[in-house]
Each structure stands twice: as structure tokens, then as C-alpha cells.
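Below are my notes on this entry, as numbered points.

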Amino acid sequence: MKPLLLMISLYICGIANAKTFYVSSTGNDANPGTITLPFKNIQKLNSVMNAGDIAYIRGGTYKSTFNSASPYHLLFQNLTGTAGSNIVIQNYPNETVIMDFNSVGVPTTCYTYGVLIESCEYLTLKGITFKNLRQVSDGCGVSRGMSLTNSDNCRMETLDIYNMGGTGF
């Protein structure tokens with residue numbers, strides 16, 4: 001009986017420590033990520049999220065924080081949720097979120113990704129549009145809209161990926 005109570009207590013503590021973050025195109029990455037003081041860039045979420053956390057991205061158009069020489073323009077790396085405590089990044093209810101890679105210009109790296117999800121577990125990405133990643137100009141490689149690498153149990157829901165210079169997914 002004691003082991004069962006210990007497991008339930010640990011599970012409840014894990015849920016109790018989960019945080020909710022917010023991102024807004026008018027925010028600031030020095031903010032704490034609350035609804036009244038949101039982060040500005042979606043990329044900021046990679047450095048703050050843990051198992052059980054959820055992030056709501058407010059409606060608007062977002063740009064990459066990386067330049068044309070980067071091999072990726074939105075990176076989610078080493079985000080590790082659990083079977084009972086996914087990490088969730090999604091649009092704020094009834095709001096449209098667009099990640100527009102047009103600001104990157106023409107990629108100068110042979111193989112570039114709009115969104116790279118690497119070494120993540122139990123990550124859910126939902127309700128976001130990704131668009132306008134141009135093709136590598138000199139033909140040395142292919143631009144890709146999104147890629148999942150070395151990641152398990154990740155869910156992609158209601159994502160739109162279009163106008164990519166190479167493959168979408």
C-alpha cells in the first residue's frame with residue numbers, strides 16, 4: 001500500500017509543478033512568459049519547458065530568430081516529457097498562429113529546416129502554420145519544412161505546412 005501511495009504522491013507533485021507559458025508577437029523574451037508578460041519568440045520555449053508544461057502561442061505572425069546561415073529556423077531540442085506529462089506547444093484557443101520563414105531570406109546552408117525537432121520525447125505541437133521557407137539557391141541541398149530526428153512519442157496535430165522550397169515534412 002505504501003509504494004502505491006508514494007507513486008500517487010510523486011505523480012501529483014509532478015502535475016503540481018507543471019507550468020503554463022505564453023508567447024505573443026508583442027511580448028519580450030526577458031519576460032516570465034505569463035499571460036500578462038508573455039515571451040516574444042516561439043524559440044524561447046525550448047529553454048524553459050519541462051515535462052507537463054503547456055505553452056499557448058497567441059495569434060499573430062512570428063519570425064525566425066536565426067539567420068540564413070543556420071541549418072534550422074525553429075529548433076525544439078531535448079524537450080523531454082513523459083507518457084503522463086507531455087510537453088504541449090499550441091495555439092491559443094481560437095487564434096491563428098503563423099511561423100513565417102520569409103524573413104530568413106534564401107538559406108545559405110545546403111540542408112536547412114524550417115522546424116527541426118531533435119531528441120525530444122512526448123512533445124505535442126498543435127495548431128500552428130509554418131510557411132515560406134525558400135529553397136537553397138545554389139542547388140547544393142534541399143530545404144525542408146519540418147523534420148523529426150531521434151524523437152519518440154511526439155504528436156503533430158492540426159499543423160499547416162506550405163510554400164516550402166523543398167519538402168514539407
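1. Gln 90 has Lys 126 as its bridge partner in S8. Strands here are DSSP E runs of at least two residues, numbered from the N terminus. S5 and strand S8 (residues 123-126) run parallel and are joined by 4 bridges; two strands pair if DSSP finds at least two bridges between them.

2. This is a predicted model, in which local features need pLDDT of at least 70 and side-chain atom pairs count only at pLDDT 80 or more, while totals for chains, interfaces and linings use all residues. Residues are numbered from 1 along each chain as its sequence is written, and side-chain values use heavy atoms, with hydrogens and water left out.

3. Strand S2 (residues 54-57) also runs parallel to S5, again with 4 bridges. Here Tyr 56 is opposite Gln 90. Of the 5 residues of S5 (residues 87-91), 5 are buried (buried is under 20% relative accessible area, exposed over 50%, partly exposed in between, with a 1.4 Å probe and protein chains only).

4. The model has 3 salt bridges, a salt bridge being a side-chain nitrogen of Lys or Arg within 4 Å of a carboxyl oxygen of Asp or Glu. Lys 126 pairs with Glu 157, with 3.9 Å between the closest N and O atoms. This pair links distant parts of the chain, 31 residues apart: Lys 126 lies in strand S8 and Glu 157 in strand S11 (residues 155-157). Glu 157 also pairs with Arg 155, at 2.7 Å between the closest N and O atoms. Lys 126 is partly exposed at 30% relative accessibility, and Arg 155 is partly exposed at 47%.

5. Arg 58 and Glu 95 form a salt bridge at 2.6 Å, N to O. Arg 58 is in the loop between S2 and strand S3 (60-62), and Glu 95 is in the loop between S5 and strand S6 (97-100), 37 residues apart. Arg 58 is partly exposed at 25%, and Glu 95 is partly exposed at 21%.

6. How many cavities of 30 Å³ or more does a search of the whole structure find? The search finds 1 (on a 1 Å grid over the protein atoms alone, a cavity is a set of points where a 1.4 Å probe fits but cannot get out, and lining residues have an atom within 4 Å of a point). The volume of the largest cavity is about 40 Å³, taken as the space filled by probe spheres set on the points. Its lining includes Asn 41, Lys 63, His 73 and Met 99.

Note on methods:
On a 1 Å grid over the protein atoms alone, a cavity is a set of points where a 1.4 Å probe fits but cannot get out, and a pocket is an open set with protein on both sides within 12 Å along at least five of seven lines; lining residues have an atom within 4 Å of a point.
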